[in-house]
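Student: I'd like to zoom in on one part here: the charged side-chain contacts, and the patch of surface that goes with that story. Please walk me through it slowly.

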Amino acid sequence: MTLANNHVVSIEYEVRENGSADIIDSNVGGKPLEFLLGAGQVIQGLENALLGARVGEKKSVVVAPEEAYGVRYPDYVQEVPREQFEGIELVQGMTLFGQGEDGQTVQVVVQDFNDQVVIVDYNHPLAGKALQFEVTVLEAREATEKEILQGSACGNHEHDHECCGGSGSHGCGCH
């Protein structure tokens, strides 16, 4: 099977910053990553690289920042009044999660702080970085109509188990 949009794909991968030996993330030896190709469940550059691949194929892919976690924006580094962090023991480099003005969860990294202000970075930690993926396509199948409508593979999220009758015993990856 040649991979195309609306295929449920299962992969094993390792990812590094391009040119680095340090692994950022990996599922090698663990549970495969299953997702609906073309639904935006993984970064765009990885989806694009998998289009046209075949089951069993191994690929080495470099994804540019624009197709990964975006470029770094200097204006995303901001000073915030220290009192907004009351009760939090701050550590330089720590990641914090909060709620943005639009109600969505935001992630910030504490760059520095003093008694008056905290300098936080709203950029994704991997923004501005080219990523090197080593990927093996383990399995692929046509997505069901329900998977296409919900925009995700049956086994890739918490749901009501309708895809497998609630028992999780039909091999679709349901919990």
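Tutor: Let's start with Glu17, which is partly exposed at a relative accessible area of 32%. Here buried means under 20% relative accessible area, exposed means over 50%, and partly exposed is what falls in between (1.4 Å probe, protein chains only). Before going on, keep in mind that this is a predicted model, where local features need pLDDT of at least 70 and side-chain atom pairs count only at pLDDT 80 or more, while totals for chains, interfaces and linings use all residues. Residues are numbered from 1 along each chain as its sequence is written, and side-chain values use heavy atoms, with hydrogens and water left out.

Glu17 has a partner: its side chain meets that of Lys129 in a salt bridge, 3.7 Å from N to O. The pair links distant parts of the chain, with Glu17 in strand 1 (residues 7–17) and Lys129 in the loop between strand 8 (117–121) and strand 9 (131–142), 112 residues apart. Strands here are DSSP runs of E, at least two residues long, numbered from the N terminus. Lys129 is partly exposed too, at 27%. As for the term, a salt bridge is a side-chain nitrogen of Lys or Arg within 4 Å of a carboxyl oxygen of Asp or Glu, and the whole structure has 4 of them.

Another one joins Asp121 and Arg72, at 2.5 Å from N to O. Asp121 sits in strand 8 and Arg72 in the loop between strand 4 and strand 5, so this contact ties together parts 49 residues apart in sequence. Asp121 counts as buried, with 5% relative accessibility, whereas Arg72 is partly exposed at 39%.

Val71 is partly exposed at 31%, and together with Tyr73, Tyr76 and Tyr122 it makes a nonpolar surface patch of about 340 Å². Patches like this take residues with over 30% relative accessible area and no salt bridge, joining nonpolar side chains (Val, Leu, Ile, Met, Phe, Trp, Tyr) within 5 Å and like charges within 9 Å.

Terms used. Areas by Shrake-Rupley, 256 points an atom, 1.4 Å probe, with all protein chains shown as cover. Helix = DSSP H or I, 4+ residues; strand = E, 2+ residues; numbered from the N terminus.
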